Amino acid sequence: MSRRAKPLSLEEKRKRMVDLFHETRDFMQLRELEKIAPKQKGIIEKSVKEVLDGLVADGLVQTEKIGTSNYYWAYPGSAAHQIRARLDKAKRDLAELQEKEVQVAAAIDEATAARQDTEERRRLLGEFDAAQASMDKLKAEVAKFKDRDPVVLRAKEQGIKVAVSAVNRWTDNIYTLQSYCRNTFGISSADFSAQFNVPDDLEYIDSC
């Protein structure tokens, strides 16, 4: 009596699914993958969609709706992997930035109360400006790649979304502090902007 094959772990299914895309280098719909994946990679049909959704969420498989159908693909290539690595690093950097937000808010509150042009305040505003500059740089890079590989373009566009998210998070933080200073210390929006060199046209950024 033959022994039953050991069920694949989720990680093994993910790897095999990515390998399938890299080997075929083709665009496929879900129903095609549900037929091909069990035969070529041993991934049971009922788990294909779950594995595929996870890979799309992690940016390892691309998807696009054309007409009424969703198509999936993933190409091997060092350029795409390098860009993905850069995006992963950007996400990690943003996570660290979030952890510092409480400390940054407290530092700005203290600087506001003291009404002093401190080195810490200049540093915090410099970080905000750097985030905006990073977003502008990524937008310029996307413009250069607009006529090239669509996979690389989507990765660049994701980079813009990450940068825009960082800038808007800082903008939201500044507005929150502005409201806190107005309600707590009676500092007007104009005085707050003048004290901390906040531009009059400060607003949230649209990534489109």
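Guide: Along the sequence, the elements of the protein chain follow the pattern α-α-α-β-β-α-α-α-α. That gives seven helices and two strands. The model is a predicted one. The protein chain has 208 residues, of which 34% count as buried. Among the contacts in the protein chain with a separation of 6 or more, 64% are between residues 24 or more positions apart.

Let us begin with the helices. Two packed helices are described by the angle between their axes and the distance between the axes. Helix α1 spans residues 10–24 and helix α2 spans residues 30–41; their axes come within 11 Å and cross at roughly 105°. An angle of 65 to 115 degrees counts as roughly perpendicular, and α1 and α2 are therefore roughly perpendicular to each other. On the side of α1, the contact involves Arg16, Met17, Asp19, Leu20, Phe21 and Glu23, while α2 contributes Leu33, Ile36, Ala37, Gln40 and Lys41. By class, the residues of this contact of α1 with α2 are six nonpolar, one polar and four charged.

Helix α1 also meets α3. The axes of α1 and α3 come within 10 Å, and they cross at roughly 80°. That angle makes α1 roughly perpendicular to α3. Here α1 supplies Leu10, Lys13, Arg14, Met17, Val18 and Phe21, and α3 supplies Ser47, Val48, Val51, Leu52, Gly54 and Leu55. The contact of α1 with α3 comprises eight nonpolar, two polar and two charged residues.

Most residues other than glycine have a negative phi. Arg25 is not a glycine, yet its phi is positive, at about 50°. With a relative accessibility of 56%, Arg25 counts as exposed. Gln29 lies in the loop between α1 and α2 as well, but Gln29 is buried, with a relative accessible area of 10%. Residues up to four places away in sequence left aside, Gln29 touches Ser69, Asn70, Tyr71 and Tyr72.

Strand β1 covers residues 62–66 and strand β2 covers residues 69–73; the two pair in the antiparallel sense over five bridges. Together β1 and β2 form a hairpin with two residues between them. In the turn, Gly67 has a positive phi of about 70°. Ile66 stands opposite Ser69 in β2, and Glu64 has Tyr71 in β2 as its bridge partner. As for the side chains, those of a regular strand alternate between the two faces of the sheet.

Glu32 and Tyr71 are 39 residues apart in sequence, and their C-alpha atoms are 10.0 Å apart in space. Glu32 is partly exposed, with a relative accessible area of 34%.

We may now turn to the nonpolar core. The largest such core has 16 residues, and Met17, Phe21, Leu33 and Val61 touch the most other members. Apart from it lies another core, of 12 residues, among them Leu97, Ile174, Ile187 and Val198.

With its neighbours within four places in sequence left aside, Phe21 is in contact with Asp26, Met28, Leu33, Leu52, Val61, Tyr72, Trp73 and Ala74. Val61 has its place in the loop between α3 and β1. At 1% relative accessibility, Val61 counts as buried. Beyond its neighbours within four places in sequence, Val61 is in contact with Phe21, Leu52, Leu55, Val56, Tyr72, Trp73 and Ala74. Val61 and Met17 are 44 residues apart in sequence and 9.3 Å apart in space, C-alpha to C-alpha.

To draw the picture together: α1 is roughly perpendicular to α2 and roughly perpendicular to α3. Phe21 takes part in the contact of α1 with α2 and in the contact with α3, and Phe21 also touches Tyr72 and Trp73, which fall within strand β2, residues 69–73.

Note on methods. Residues are numbered from 1 along each chain as its sequence is written. Side-chain values use heavy atoms; hydrogens and water are left out. Axes are lines fitted to C-alpha atoms, for helices over the stretch in contact, and angles run from 0 to 180 degrees between N-to-C directions. Helices (H or I, at least four residues) and strands (E, at least two) are DSSP runs, numbered from the N terminus. Angles under 35 degrees count as roughly parallel, over 145 as roughly antiparallel, 65 to 115 as roughly perpendicular and the rest as oblique. Contact means heavy atoms within 4.5 Å. Ala, Val, Leu, Ile, Met, Phe, Trp, Tyr, Cys and Pro count as nonpolar, Asp, Glu, Lys and Arg as charged, and the others, Gly among them, as polar. Two strands pair if DSSP finds at least two bridges between them. A nonpolar core is a set of buried Ala, Val, Leu, Ile, Met, Phe, Trp, Tyr and Cys residues joined through side-chain atoms within 4.5 Å. Buried means under 20% relative accessible area, exposed over 50%, partly exposed in between (1.4 Å probe, protein chains only).
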